[in-house]
Amino acid sequence: MPRLPGLDPLLHGRMLASTFEGFARVHLLRAGLELGLFEALRRPHDAEALAGRLGLAEDLVRSWIVACERVGLVRAAGDGHRLTDFTRWMLDAPEAPALRAILEQVAFGWGARFGELPQLLKGAERPSFGAPEEAQRIASASRVLEARALAALSRVPGTGRARRVLDVGCGHGRYLA
């Protein structure tokens, strides 16, 4: 299908904006979880009340709220700001600790690796993987999939009688233990 003239810059600009939003969302989420900002926003607060309650700089809390609103983590309410469904899910889902581990792995594991990517592509020594804290984050994150993987496996005809199962992929095999 032919492209309309002038549409490419608009599409490219949108992709660039979504890239920035994804980057910002990771760091805004981490800060909000670490500092208790999201917990405090279970009940609506404005920036002044939120900053006062948590002992944080009001101007920066205001900026944090604006940025969180922009990327869909909080929304304006008549009496302050509230959590969005996504943010509430990050706090309350049964797998919330594993979701937090995924977030930490993205920030600490992937972030560092992607920062090194230009040098790696030029032939720099490749890093070793498997530091204890990284292994712990990965193990915690993999628990998000564990129940779903077992449930999916149980729906495959004949798996109840299987004597061996091939676990395709990386990992420790705990899903199919």
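Tutor: What follows concerns aromatic pairs and a surface patch in a predicted model.

Student: How many aromatic pairs are there, counting ring centres within 6.5 Å?
Tutor: The count comes to 2 aromatic pairs.

Student: How are the rings of F38 and W64 arranged?
Tutor: Their centres are 5.1 Å apart and their planes meet at 50°, so the pair is tilted. An angle under 30 degrees would count as stacked and one over 60 as edge-to-face.

Student: Which helices do F38 and W64 belong to?
Tutor: F38 lies in helix α2 (residues 37–40) and W64 in helix α4 (residues 58–70), so the pair ties together parts 26 residues apart in sequence.

Student: Are F38 and W64 buried or exposed?
Tutor: Both F38 and W64 are buried.

Student: And what is the geometry of F86 and W89?
Tutor: F86 and W89 form a tilted pair, with 6.0 Å from centre to centre and 40° between the planes. These two residues are 3 apart in helix α5 (residues 85–92), which means about one helical turn separates them.

Student: How accessible are F86 and W89?
Tutor: F86 is partly exposed, at a relative accessible area of 36%. W89 is partly exposed as well, with a value of 40%.

Student: Changing topic, which residues form the nonpolar patch on the surface?
Tutor: The patch consists of W110, F114, L117 and L121, which together have about 480 Å² of accessible area.

Student: Where is L121 found, then?
Tutor: L121 is in helix α6 (residues 96–121). Its relative accessibility is 68%, so L121 counts as exposed, the cut-off being over 50%.

Conventions. Residues numbered from 1 in each chain as written. Predicted model: local features only at pLDDT ≥ 70, side-chain atom pairs only at ≥ 80, totals over all residues. Heavy atoms only, no water. Helix = DSSP H or I, 4+ residues; strand = E, 2+ residues; numbered from the N terminus. Buried < 20%, exposed > 50% of the residue type's maximum accessible area, 1.4 Å probe, protein only. Patch = residues over 30% accessible without salt bridge, like charges linked within 9 Å, V, L, I, M, F, W, Y side chains within 5 Å. Areas by Shrake-Rupley, 256 points an atom, 1.4 Å probe, with all protein chains shown as cover. Salt bridge = Lys/Arg side-chain N within 4 Å of Asp/Glu carboxyl O.
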